[in-house]
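This report goes through one protein model, from the chain as a whole to individual side chains. The sequence and the structure come first.

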Amino acid sequence: TYMEKQIGETPLDLVKRIKGTSKETHAFAGRLDPMARGQMIILKGIECKQMDAFCKQDKVYEFEILFGFQTDTYDILGMVESYQFTFPKPKINLISFSGKQIQPYPPYSSIIVNKKPLWMWAKEGKLSEISIPSKNIEIYSLEYLGESTFKHSEELLGKILAKINKLPLEKQADFRVPQIINRWKEVLGNGFDKPYFQKFRAQVSSGTYIRSLVHKIGQELGMGAIAWDINRTHFISSREN
């Protein structure tokens, strides 16, 4: 069953919402970050034994990049590490970011390293003690959809707070929400004009992190970039041309 995950939900939250009072086993195939939205596959009963097959499907995402910022999670639900308010209009060579490649896992991800998730190593400040794993992925297509902006940083801050506060109150401490919000307020408090965004559509292989793609784009442009919005529009069992 294909279901829409909302911003602020974790995959487990979605499973609980769908399962309700049912005693049948439920599970999900393929993750989405708390700030991401879109389609997830919810498995029921005997379908749960076929999870690996469902997880291997390719995906299509529409995503929006906010330029000029870098966070430790590569999206807005992270601590701002660097920022710049003035930069040339980004010109992205889409071909250079497409094709087969080796993609490091983002530091805040659920991959297990030495018996604990990578995000825990990151949260404890111990990434230097391990090697961050990578995986082979393929970006089949990358399409530019347009640009947008807000009037000023006050509007941007309001949108950021609205998104982050969609996390349930009982989970906000686990995701460092108070510290992250304070940092955003500190960074954006002095004000700047017209935060800049670009939107894209990508068809990718299983296991591709859009956050990591966005981070890579920001690094190569030398101006920082984070995922503002990630929407998984659909799954595909074979690549669409």
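Which residue lies over the face of Trp228? That residue is Lys163, at 4.4 Å from the ring centre; a charge is taken to sit over a ring if NZ of Lys or CZ of Arg is within 6 Å of the ring centre and within 35 degrees of the ring normal.

## Basis of the model

This is a predicted model, in which local features need pLDDT of at least 70 and side-chain atom pairs count only at pLDDT 80 or more, while totals for chains, interfaces and linings use all residues. Residues are numbered from 1 along each chain as its sequence is written, and side-chain values use heavy atoms, with hydrogens and water left out.

## The chain as a whole

The protein chain holds 7 helices and 12 strands, where helices (H or I, at least four residues) and strands (E, at least two) are DSSP runs numbered from the N terminus. Its radius of gyration, taken over C-alpha atoms, is 18 Å, which agrees with the value near 18 Å for a compact globule of 241 residues; the globule rule is 2.2 Å times the number of residues to the power 0.38. Along its principal axes the C-alpha trace spans about 55 × 45 × 40 Å.

Of the 241 residues, 49% are buried, a class that means under 20% relative accessible area, with exposed over 50% and partly exposed in between (1.4 Å probe, protein chains only). The chain exposes about 12,500 Å², of which carbon and sulfur atoms supply 50%, as computed by the Shrake-Rupley method with a 1.4 Å probe. Among contacts (heavy atoms within 4.5 Å) with a separation of 6 or more, 75% are accounted for by residues 24 or more positions apart.

## Aromatic rings

A search of the whole structure finds 12 aromatic pairs, that is, rings of Phe, Tyr and Trp (its six-membered ring) with centres within 6.5 Å, counted as stacked if the planes are under 30 degrees apart, edge-to-face if over 60 and tilted for the rest. Tyr105 and Tyr209 form an edge-to-face pair, 5.8 Å centre to centre with 65 degrees between the planes. Because Tyr105 lies in the loop between β7 (99–104) and β8 (112–113) and Tyr209 in the loop between β11 (196–204) and α7 (210–221), the pair ties together parts that are 104 residues apart in sequence. Both Tyr105 and Tyr209 are buried.

One aromatic cluster is formed by Phe69, Tyr83, Phe85, Trp184 and Phe192.

## Buried aspartates and an isoleucine

Asp72, in the loop between β5 (69–71) and β6 (80–83), is buried, with a relative accessible area of 13%. Its side chain reaches the backbone nitrogen of Met79 at 3.0 Å and makes a polar contact of 2.9 Å with the side chain of Arg176; a polar contact is a pair of N or O atoms within 3.5 Å, where within protein one must be able to donate a hydrogen and the other to accept it, and residues adjacent in sequence count only if both atoms are side-chain atoms. Leaving aside neighbours within four places in sequence, Asp72 is in contact with residues including Gly78, Pro107 and Tyr108.

Asp58, found in strand β4 (residues 58–67), is buried at a relative accessible area of 10%, and a polar contact of 3.3 Å joins its side chain to that of Tyr140. Ile42, in strand β3 (residues 37–44), counts as buried because its relative accessibility is 0%. The C-alpha atoms of Ile42 and Leu14, 28 residues apart along the chain, are separated by 8.7 Å.
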